[in-house]
Amino acid sequence: MHDLDQTTITQAVLDQMATTTDPRLKEIMASAVKHLHAFARDINLTPAEWLFGIGFITQIGQACTDSRQETILLSDTLGLSALVNALHDKTRLDDATDTSLLGPFYRDASPEFANGDCIAAHPDSPEIGFYGQVHDLEGRGIAGARIEVWQTDEHGFYDMQKFGNEKSDVRGTFTADALGHFNFRTVRPLGYFIPMDGPVGSMIKAQNRHGCRPAHIHFLITAPGFRELVTSLYQGDDQYIDSDVVFGVSSSLVIQAKRNPASPFPSLETIHYDFGLARATESGEARIGADPSKLLKAPGLVGGA
Ligand code: BEZ
Ligand code: FE
């Protein structure tokens with residue numbers, strides 16, 4: 001038996017975990033232990049701080065329900081979700097449209113609309129238009145591409161925040177025409193606070209961060225043979241465009257609605273954006289975000305939940 005101290009404990013843990021049969025699990029856990037121990041040494045973690053951290057993680061778990069995912073929100077606000085998204089993007093074969101986070105307000109069920117329709121049921125601000133083309137990386141339109149769109153209303157609320165799962169609004173699914181074109185009318189989205197009433201909100205307040213996302217419109221675009229595109233377009237004049245609390249903005253995704261006589265909606269301020277899809281690969285799930293109800297039933301490491 002050898003006595004463990006702060007210089008030998010890390011290797012002792014790694015040695016004990018060396019029996020892990022799944023090679024990827026073994027790699028992940030070894031790296032996690034090394035970084036976790038290095039972190040504790042780096043900041044000279046005290047027992048009180050360790051206990052505070054344990055309490056915080058416990059509260060994060062307790063705040064999760066089938067309609068709220070506080071753990072993903074923590075990952076988002078620490079930039080981990082954006083980092084994983086960027087790492088996944090590196091695995092694509094082509095230089096397609098940049099991606100962004102799916103976020104917690106995506107729903108599988110999204111009503112079908114025809115091109116030209118308005119996705120806001122009762123707009124109480126002037127409508128804006130949106131038009132674009134879904135194309136491959138040679139610029140050829142992708143006929144029949146499916147475009148799911150969701151956003152906040154002009155007051156900064158998603159339908160789910162107003163109606164739960166009862167009713168949908170400012171959300172819809174479009175099908176691109178034979179040349180990959182699609183268009184719709186909507187309202188100008190407003191930026192919003194991430195949920196601030198839980199442990200992540202307490203962390204954001206303790207850090208004197210504003211907790212806001214700049215106004216944006218989410219897109220999930222699919223077509224057979226192409227990699228699913230999860231992205232958002234961000235309103236360039238939003239005051240939080242350079243300080244998104246979840247680090248989702250990149251400059252290629254910044255847009256501005258303006259009058260455009262060539263648009264299908266010449267009388268409206270209009271956004272024009274074309275989306276390039278990468279070829280499909282075997283690199284797995286691209287969505288950074290999830291339906292919270294599914295995660296409560298996520299399988300455990302060994303033999304299910
Ligand atoms: C959103 O875009 O809806 C979102 C993304 C991450 C955290 C909170 C909200
Ligand atoms: Fe959003």
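Visitor: Which residues are around ligand 1?

Guide: A residue is near a molecule if one of its heavy atoms lies within 4 Å of it. Around ligand 1 are Leu73, Asp76, Gly103, Pro104, Phe105, Tyr158, Tyr192, Ile194, Arg213, His216, His218 and Val246. This is a predicted model, in which local features need pLDDT of at least 70 and side-chain atom pairs pLDDT 80 or more, while totals for chains, interfaces and linings use all residues. Residues are numbered from 1 along each chain as written, chains are lettered from A and ligands numbered from 1 in written order, and side-chain values use heavy atoms, without hydrogens and water.

Visitor: Which polar side-chain atoms lie 3.1 Å or 3.0 Å from an oxygen atom of ligand 1?

Guide: A polar contact is a pair of N or O atoms within 3.5 Å. His216 has a polar side-chain atom 3.1 Å from a ligand 1 oxygen, and His218 has one at 3.0 Å.

Visitor: What are the protein donors of the iron ion (ligand 2)?

Guide: Donors are N, O and S atoms within 2.8 Å of the metal (3.2 Å for Na, K and Ca); water is not among the atoms, so sites may look incomplete. Here they are Tyr158 (OH), Tyr192 (OH), His216 (NE2) and His218 (NE2), lying 1.9 to 2.1 Å from the iron ion. Their spacing in sequence is Y-x33-Y-x23-H-x1-H.

Visitor: Is Tyr158 buried or exposed?

Guide: Buried means under 20% relative accessible area, exposed over 50%, and partly exposed in between (1.4 Å probe, protein chains only). Tyr158, at 0% relative accessibility, is buried, and His216, at 1%, is buried as well.

Note on methods:
A polar contact is a pair of N or O atoms within 3.5 Å; within protein, one must be able to donate a hydrogen and the other to accept it, and residues adjacent in sequence count only if both atoms are side-chain atoms.
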